[in-house]
Amino acid sequence: MSVHKTVEILEALVGFDTTSRNSNLELIAWVEDYLDRLGIAHERVLDATGTKANLWSTIGPDTAPGYILSGHTDVVPVDDQDWSHDPFSLIERDGRLYGRGSCDMKGFLASCLAAIPEMKARPLKRPIHLSFSYDEEVGCVGVRGLIAQLKRAPVKPIACFVGEPTEMNVVIGHKSKLSLRATVRGRTCHSSLAPMGVNAVEYAAKLIVKIREISERLAKKGAKDELYDVPFTTGHTGVVKGGTALNIVPDRCDFEFEFRSIAADNVDTLADEVKAYARDVLEPDMKAVAPEAGFAFEVKSGFPGLEVEPQADVTRLAKQFAGNEHHCKVAFGTEAGLFDEAGIPSVVVGPGSIDQAHKADEFVAVAELEKCGQFIDQLVAHCRS
Ligand SMILES: [Zn+2]
């Protein structure tokens, strides 16, 4: 497959500002028009507001089980990043293609779309499905609607390849994540009367220390998975907001924390441990002063982890298509965990490096797109045989 067509399509895709907060419908309409011209059927799976959509498309017989090529259409914001050119206009320099989303992950989408004429050229015995989602960058939100629909379909796909940037290495695992928002209610009073109030900031601090202690326990004594750069489950608090003035005992504090776990641990169990400490240890003291005081927790986002056997069929096939016997696990989350949880074996393998994703002057190397094109060519050949 010629990379020329891929670059041309990538240029069009990067031109749409599909930052997660925006609608992605203009990009979806562009892809639909491209598919129409090739005579390929497609289906939109809209979000509740009707302003964002997943796109599902099948090349080949829809009565046989086949393979999914999955990617997200949204990109992270360019706000406060120092770009040396317009991020939504693709620029080629020294074998690199610069633009927001070029690497994460419109380069993969473009590779899939550019391969459709080849997929169509001779009959496929097994179909290839394209799954293009929205709102991946804000917690793998969009693809869930599409997967719910897939679960009801009469024919279940054999496997899914998620094309997040891995430099075409086969990724068989990533951590699961759960992030929560805690709201601490106290009772306000003048700071000179501090013991008569309940200081929400101080009780938040006590719970944040508990989260830190759990994280240190996991690091020192927890289960290990050496395929990860950070080979154990982690936790941390990232945002704290509370208080208005030093002479007022604050009656409210909000903070956000997360756990990212290897397969041996469970993010829900860890969150339960935090909640139990708040309920059983901290709240009795708070309520003794002010019955209305206490903690409330709300899940912000999360996704299941990915854990595929090195010997699994999907791993073996991905290595064969990529011409790469190596496998690894990565720190970042992907939609692969959700597909896998739905019973569709999945691995992550895509062009570009995560080192270039989410940054100013994001780029994908042309050579990476060439490797991705070869991967898809091998998949197409496999689907014919
Ligand atoms: Zn991504």
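**Terms and basis of the model**

Helices (H or I, at least four residues) and strands (E, at least two) are DSSP runs, numbered from the N terminus. The structure is a predicted model, in which local features need pLDDT of at least 70 and side-chain atom pairs count only at pLDDT 80 or more, while totals for chains, interfaces and linings use all residues. Residues are numbered from 1 along each chain as its sequence is written, and side-chain values use heavy atoms, with hydrogens and water left out.

Strand β1 covers residues 42-46 and strand β2 covers residues 53-59. The two strands pair in the antiparallel sense over five bridges; pairing requires that DSSP finds at least two bridges between two strands. Within this arrangement, L46 stands opposite A53 in β2.

Together, β1 and β2 form a hairpin, with six residues between them. In the turn, G50 has a positive phi of about 75°.

H129 belongs to strand β6, which spans residues 128-133. H129 counts as buried because its relative accessibility is 7%; buried means under 20% relative accessible area, exposed over 50%, and partly exposed in between (1.4 Å probe, protein chains only).

Leaving aside residues up to four places away in sequence, H129 touches W56, S57, T58, G66, Y67, I68, L69 and P157, where contact means heavy atoms within 4.5 Å. L69 is 60 residues from H129 along the chain, yet their C-alpha atoms are separated by 6.1 Å. The side chains of H129 and T58 are joined by a polar contact of 2.9 Å. A polar contact is a pair of N or O atoms within 3.5 Å; within protein, one must be able to donate a hydrogen and the other to accept it, and residues adjacent in sequence count only if both atoms are side-chain atoms.

**Backbone features**

Most residues other than glycine have a negative phi, and most peptide bonds are trans. A cis peptide bond joins D104 and M105, with omega at about -5°. M105 is placed in helix α3, residues 102-114.

C140, a residue other than glycine, has a positive phi near 50°. C140 lies in the loop between β6 and α5 (143-152), and its relative accessible area of 1% means that C140 is buried. E167 is also a residue other than glycine, and its phi is positive, near 55°. The loop that holds E167 runs between β7 (159-162) and β8 (170-174). E167 counts as partly exposed because its relative accessibility is 41%.
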